[in-house]
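Let's work through some exercises on how two parts of a protein meet. Keep the structure open beside you as you read.

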Amino acid sequence: MNFEKSEKLYNTAKTMIPGGVSSPVRAIKPFPFYTASANGSKIYDEDGNEFIDYCMAYGPMILGHNPPTVKQAIIDQLDKSWLYGTPTALEVEMAKRITNLYPSVEMMRFVSSGSEATMSAIRLARGFTKKNKIIKIEGGFHGAHDAVLVKAGSGATTHGEPNSPGIPAGVTEHTLQVPYNDIEKMAEVIEKNKNDMAAVILEPVLGNVGPILPEGDYLKELRALTAENDVLLIFDEVITGFRLAPGGAQEYFGIKPDLTTLGKIAGGGMPIGIFGGRKDIMEMISPNGPVYQAGTFSGSPCSMSAGIAVLDYLKENKVQETLNKRGDNFRKMLSDVVGDKKPDYYVSGISSLFVIFFGEKPLNYQDVLKCDAAGYMEFFHKMLNSGVFLPPSQFETNFISLAHTDDDFNKTVEAVEKNIV
Ligand code: PLP
């Protein structure tokens, strides 16, 4: 494959944009491909190369790239202009859909990114409980803001900066860490810090070093433990929301968190974040209460229009049901080839999420760090040259969209068989 134009773009980009990229996960070494367009399950670079895409913009594009219904909704909105700074009927329509799908989300606010959603949810949890400490899961990723960049997964782990410099110790001293899937450790840390513990925030399925699934009754036990100790439970469903089930992981696993954060799929590919939950907690948000939160682009009409279009399409076509079956089949196909070639590697996943771990089945972040991340990167480059774009890190999840076909899956499995040596 020829990457001449991408290399040239990178050489110019890196003089003005750190690493030549607008977000670190995109910084493939020695240089990333620069995208020209995308359609369905395919992404095309500036050199005219075509790849089957399993990054899918890191999750939002559940219908595939460029889906006609979402595109039309955005075009229709553009005719009416695209930012007003005033409330719209679109927000009301969108809110109705979210409360219907997520009974735990009695009230919500729209923001512009998942990071903003988790930042606001954490502030709200602290404001409501009048306590300072939060617990996050080691390797969990909740966006790139100060309170949660502690042992963070995703690009933070990939680039060796899970605890970012530039964040005062006084901020992160209130962020405690426990391993995923370890309810005893969680109970111990809650007990020790009970008087100042506001909330536990977690991805119900650990997505940003995974997917790693909850073992046994972990989530149920966590719900009971937090409730018993008056600690709020925040489900960060930025990845799992609208994917595992229409009502996300909370529907899939039958758990009712106090607060929920959503994003990605909810905006149909336009920027979005949502935080919401129990009415008594959400009423603390300004202007009803004293916890401040605001944003110029919050509830952006294009994000709302695209979001409504995607949510209606998902519902009318029972997309999650279809994708969950396709995900099961595809993981089985992958497990068969991986099992033959590398019996010590593990294909993990749930719903339309998957990953090939270059190591044994992990239960938590420390386990994942034992995987052969360098070996994965070699595999990544071979797959790219075979026309398959996987996430450029062992510490990310792959996404299947409705646009992925049997032909894509067969070609991918053939490429895995060839390249996993
Ligand atoms: N929470 C989770 C679980 C995520 O995976 C991400 C991003 O990948 C975020 C929050 C941050 O969302 P955003 O990138 O929209 O700020």
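Buried area is the accessible area (1.4 Å probe) that two parts lose on being put together, summed over both. This is a predicted model, where local features need pLDDT of at least 70 and side-chain atom pairs count only at pLDDT 80 or more, while totals for chains, interfaces and linings use all residues. Residues are numbered from 1 along each chain as its sequence is written, and side-chain values use heavy atoms, leaving out hydrogens and water.

**Exercise 1.** Find how the chain is divided and what area the domains bury between them.

*Step 1.* Domain 1 covers 4-66 + 318-419, and domain 2 covers 68-315; these bounds come from an automatic or database domain assignment.

*Step 2.* About 3200 Å² is buried between domain 1 and domain 2, with 62% of it on carbon and sulfur atoms.

*Step 3.* On the domain 1 side, Gln 320, Ile 350 and Tyr 365 supply 22% of the area buried against domain 2, more than any other three residues.

**Exercise 2.** Work out which residues form the salt bridge between the domains.

*Step 1.* Recall the rule: a side-chain nitrogen of Lys or Arg lies within 4 Å of a carboxyl oxygen of Asp or Glu.

*Step 2.* Between domain 1 and domain 2 the count is one salt bridge.

*Step 3.* Lys 361 and Glu 215 meet through their side chains in a salt bridge, at 3.2 Å from N to O.
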